[in-house]
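Please keep the sequence and the 3D view open while reading.

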There are 4 protein chains.
Amino acid sequence: MQSRLRMGMIGGGVGSFIGPIHRLAAEMDREIEMVAGVFSSDSLRSRNAGEMYRIDPLRAYPSLDEMLASEGKRDDGIQFVSIVTPNHNHLPSSLAALSAGLPVICDKPLTATLAEAHELAETVAATGLPFAVAHTYSGYAMVREARARVAVGALGNVRKVVVEYPQGWLAGEACGKQADWRVDPARAGLGGCIGDIGVHAFQLAEFVTGLEVAELLADLGTVVPGRLLDDDCSVFLRFSNGARGVLLASQIEVGELNGLRIRVYGEKGGLVWKQEVPNILTFHTLDGRTEMIHAGGSQLGPDAMARTRTPPGHPEGYLEAFANLYRDFAAILRGQPAPLLPGIATGLRGMAFIAAAVAASRDRPGWVSLTV
Amino acid sequence: MQSRLRMGMIGGGVGSFIGPIHRLAAEMDREIEMVAGVFSSDSLRSRNAGEMYRIDPLRAYPSLDEMLASEGKRDDGIQFVSIVTPNHNHLPSSLAALSAGLPVICDKPLTATLAEAHELAETVAATGLPFAVAHTYSGYAMVREARARVAVGALGNVRKVVVEYPQGWLAGEACGKQADWRVDPARAGLGGCIGDIGVHAFQLAEFVTGLEVAELLADLGTVVPGRLLDDDCSVFLRFSNGARGVLLASQIEVGELNGLRIRVYGEKGGLVWKQEVPNILTFHTLDGRTEMIHAGGSQLGPDAMARTRTPPGHPEGYLEAFANLYRDFAAILRGQPAPLLPGIATGLRGMAFIAAAVAASRDRPGWVSLTV
Amino acid sequence: MQSRLRMGMIGGGVGSFIGPIHRLAAEMDREIEMVAGVFSSDSLRSRNAGEMYRIDPLRAYPSLDEMLASEGKRDDGIQFVSIVTPNHNHLPSSLAALSAGLPVICDKPLTATLAEAHELAETVAATGLPFAVAHTYSGYAMVREARARVAVGALGNVRKVVVEYPQGWLAGEACGKQADWRVDPARAGLGGCIGDIGVHAFQLAEFVTGLEVAELLADLGTVVPGRLLDDDCSVFLRFSNGARGVLLASQIEVGELNGLRIRVYGEKGGLVWKQEVPNILTFHTLDGRTEMIHAGGSQLGPDAMARTRTPPGHPEGYLEAFANLYRDFAAILRGQPAPLLPGIATGLRGMAFIAAAVAASRDRPGWVSLTV
Amino acid sequence: MQSRLRMGMIGGGVGSFIGPIHRLAAEMDREIEMVAGVFSSDSLRSRNAGEMYRIDPLRAYPSLDEMLASEGKRDDGIQFVSIVTPNHNHLPSSLAALSAGLPVICDKPLTATLAEAHELAETVAATGLPFAVAHTYSGYAMVREARARVAVGALGNVRKVVVEYPQGWLAGEACGKQADWRVDPARAGLGGCIGDIGVHAFQLAEFVTGLEVAELLADLGTVVPGRLLDDDCSVFLRFSNGARGVLLASQIEVGELNGLRIRVYGEKGGLVWKQEVPNILTFHTLDGRTEMIHAGGSQLGPDAMARTRTPPGHPEGYLEAFANLYRDFAAILRGQPAPLLPGIATGLRGMAFIAAAVAASRDRPGWVSLTV
């Protein structure tokens, strides 16, 4: 029997949103077990978090150095790390883990700045260790199906992409642990909304179409007074094949929850996927047919089918999509292929996107007045 | 008993899409009766159309001059004209009717060019005659409700507007009477998609918010090879109060039917309306509540309520919305107020929008390359 | 030019819900014009209603006898009547019109009792005059499409039908003109909810499947205290081919508007249609495909296509469906076929259904206690 | 640190649908760990399944007796069993586990027959051990919210319940491991569709309303030729407070996936929940308001909130609902209260429902012919 892969978490203390989700996603398929973590730089708080996760209290460390040192000596020590801290810690944590010989799965965006991203990419290349970026939404079965259909030409040449990621939870004053660091340049880095969710939309657009964005034009703004980073983003895209695109992301659209959605149109067809109803993929053809494709159903290709755990009509959601990423990561650690798992190159492109969007938006070129 | 107002149509021959719809909308509420028309410049074809409409064959004229002359002599002659021709005929038909002392309701966009629009606006001002533009979508009861709620501050200060108008019917080669003239600059004028449907989206955004667009940045493109006008449009907007906006319109998005929709977000709330499910208005508040407001229901204000003809759950649609415009126009002709009916000023703003979008898009300022 | 058919209305006074809707539906396609009516038995009130409808005040009569007498003498007298009164007047009004040689289109249910229905059916047969029953919902284009697909065997042999008609507007005390007569046995007749809307569901089920209900088992109840007629109905059905069915109708389901919907399942496929989103027909096949069929789209057969007035994505609704019935009725009056228009036989079956459901429900046969 | 509870599974071999789901659900929240199982009565197959689950091969037993004997001797032996076999094994497996002093969580329906259910209930009572039944759908957060709102009177007195469970996967010949035993009376027991999914609908109706079904009238049928058990069920319900109800369940409705849904109407409001879009609860009030309540949102009560793992807009689904049951069961094993977890009494009521429905349907009392 192959044993489970042992994971150490960096971040994810009591009150964390994404830490428990990573734990759950990592363990869902019994490929991985979380056995250690640096949940806080405070010894007691780290230990409390360890208790919350039901792991051995001795393996809830107050620093990454201690975790790497102690775990390195154990026969059953951690085999990789999962980084779930605010963005500014992604680079130092990754570098430390990699230099200890440990593969890394890191939350997005890759780093706080594009320069950091380049530094990290070089280190990953130098070590040759597996490195993944948690672009959760590409783990959804129906996103895989969408990509597969585009890849085999079901839409013909792609002409147009509209990807949107509306949220409303930062429409008022930011409050709470989750909001605080996201609006703080020292911890979030270069981008606000564009880095927090815009980069997910960007990755999804490239993932589903298999195309790269070649050019962009951006309109980033800060709507809530006093905020230091962008909270509302609109970006025009041009893809490598000339396809036109629009990327919208916002965190001030009152009433929007987590409305990531993508529409792709080609010469022969169109498709629509919405994260909040993730088990349906809508497919249009030029002759006027509209088909609803269901997760788990017999219409699915092998990649999507392998990423569903239940029959059609049994909703799978965000946690299952997240678990699909960890399953892919486990496969890579076991020496199996998982070509669609977002890696360092994807992370680097995301940072380039954030940097380009911020730069492109700065001087407001090209705007004209509208007067009657 | 007040008699019905007598209408003459210009355009709307056999095979016309919009002519029969104008006729139906005009007559729905028994305020108006179509009694004459210039349905074609060919005598026989005009007469055949007259027969299709069941009007007196003698009143199906082959030219506007003849209609104006003949009807002018009758006691029961036409009292206003409805112009439903391709865009290039809007100006000459309007000028002729106005100079004969007849009020005009004209399809959108107002004219083929902005210069024509200014000329027409001056004539309307000089004659003092009623002039309306058929921005159908502002006739929907729930659009009226949306506007009314924004106007009383239900959203607080408006911060963000996303208005989209996706269609797919011109994704292939244009074919058929409806497509032909829309892709021909000689008949459509300055704009393709931006003039055909983008201007509807623009008018809807200004109508619902009560704000004016002050600035824009546009990315208009021609996707189908060989086409002479734009068929895919993306526009960033900035409103007079500083609110940010995005306007998307396309006619190459395969599978999209007539998907006009608008989302408006303010400090205190958000609203969503979709033309294809027009009897529901979704309303969000900052404290996390989401309400579905139904046409005909007790939640409606007086303006929306007056524009429904059936109880909740009995769908009203495009024709009823269109009829609401004609009812407003009839009211004006009878000397009653109908302040929300789009008039010459709205038409002129629409042309200014088209002209600005086409100009702003020309040199692609502000685009940057995205490279890793 | 063929002139419009002249209609006289019986009922439909000021405050009527269904009168103005019949007028609008009758005239929508310019086949018919309403020129006279008995809108009230009070002279002044009838005249006021006539003014509301903009018809000649001299042709707003206070009694059916007067209308029949006066109109019979005119060259441009009425050519048929539309009966929109409460149920108890359907029989006398129909008999009087028929005996004056006038065709009749009558609202549903056909009469107040089954005995009346038989009497009326005999008279219709004896006179040989056209007689139609306003089962509006069978006028929807997508209902026609559903029927056509079932008829050509797209579902295979029909096995199961679920038809539901939930409303909530009588969940409280009945109040207002519309509610009053519907809960009064003297005016509504034998059935409350079962006669008001259950009969629509029944007709829809037989219409779409092309099958007849052979047997039923019913559970009719009166939920609101003090009410004299049923307001909540559940009926098991068995169709002539052995297919199983369920019919639910209620007027006490708070929040339901006018939620008529039907699902039909056969050996090879299934279909779903919902009145509140009437322009979509969902079609399932045994191999797991789900298709959305849009009104106006190229997937439609000729019957459905002929009943749409606008391109796909331009919502048509209740009034257009109603107008389709009047267009069919006009066709019959002009000697053309309209085989799907509900006629006297359909009306009679509806009354038999109401009577059987009321009877079947009376003694509560077959109920068993559930105890652990 | 409290250690995880150790679970042994009975059933769930290679190819099982529900076994892996129970494993996943049990372990999701790190309260429980599956450490042993009787996955097959064949030694090799049981061991293969153990490998699939990544458990110690020595703890993949070929018989329940062996598991109970071996595990009973270990310090880290199993602390409870999860029974996921076909129905006919529920009783013997439960009895054996209980007599070994182990608590049981068992899939539904409780047993194959009502007599068996009574026997089991007596044994549970005699041992005093915890016993739970896996009515998954009552684990959904929004079902908890629905129940909580009904319980505090948000709907007023409940008047009407409509609960439906349509599926289509048995519309053709049953094929495959999942279908085979469900249509075999020897393994499924008394009910086919009524026992497989009807009982879920029944439990949901009683769970959400807090009422008991007092009487019923049933129409169970076998649609697919040659099948020995029912595959299509319609049941009228009467609740203890007099409320009326309808329960529909079918496995031959082509195109339906897993469409469990419930609507509850009271004097003051109504609510709607659908399993396939489980994160929304729709709530209607008598004054015409319709509200959409989102999982994870601020509108939720404490019970629902405690059963969500992610913020609003991050879909949770079937597996998370299932995990909520296991979390409740773990709570009970740790001596904490979990009053809403379905237990032996719920299981017994379910069997009484199945038996009553089968009996009530047998002689077709109360049916009347419908003839014109």
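C:R349 is found in helix α12 of chain C, the helix that spans residues 344-361. The model in which it sits is a predicted one, and the points below should be read with that in mind.

- Is C:R349 buried or exposed? C:R349 counts as buried because 23 other C-beta atoms lie within 10 Å, where the cut-off for a buried residue is 20 or more.
- Although C:R349 and C:E206 are separated by 143 residues in sequence, their C-alpha atoms are 10.0 Å apart in space.

**The domains of chain A**
- Chain A is assigned a domain 1 that covers residues 5-136, and a domain 2 that is made up of residues 141-314 together with residues 345-361.
- Between the C-alpha centres of domain 1 and domain 2 of chain A there is a distance of 26 Å, and the contact between these domains involves 16 residues of domain 1 and 20 residues of domain 2.
- On the side of domain 1 of chain A that touches domain 2, helix α5 (residues 114-127) is the element that gives the most, with three residues.
- By residue class, that side of domain 1 of chain A consists of nine nonpolar residues, six polar residues and one charged residue.

**The contact between chains C and D**
- Chain D and chain C each bring 46 residues to their contact.
- Which elements of chain D supply at least two residues each to the side that touches chain C? They are the strands β7 (158-166), β8 (213-221), β9 (232-239), β10 (244-250), β12 (269-274) and β15 (368-369), along with the helix α12 (344-361).
- Strand β15 of chain C (residues 368-369) pairs with β8(D) in the antiparallel sense, over two bridges, and within β8(D) the residue D:E215 is the bridge partner of C:S369.

**The relation between chains A and B**
- Chain A is superposed on chain B, with an RMSD of 0.0 Å, by a rotation of 180 degrees and a shift of 0.0 Å along the rotation axis, which is the relation of a two-fold axis.
- Because 100% of the interface residues of chain A are interface residues in chain B as well, the copies meet through the same surface.

Notes. Residues numbered from 1 in each chain as written. Chains lettered and ligands numbered in written order. Predicted model: local features only at pLDDT ≥ 70, side-chain atom pairs only at ≥ 80, totals over all residues. Contact = placed C-beta atoms within 7 Å. Helix = DSSP H or I, 4+ residues; strand = E, 2+ residues; numbered from the N terminus. Pairing = 2+ DSSP bridges. Least-squares fit on C-alpha atoms with pLDDT ≥ 70 in both. Buried ≥ 20, exposed ≤ 12 C-beta atoms within 10 Å, placed from the backbone. Domains from an automatic or database assignment. Nonpolar A, V, L, I, M, F, W, Y, C, P; charged D, E, K, R; others polar.
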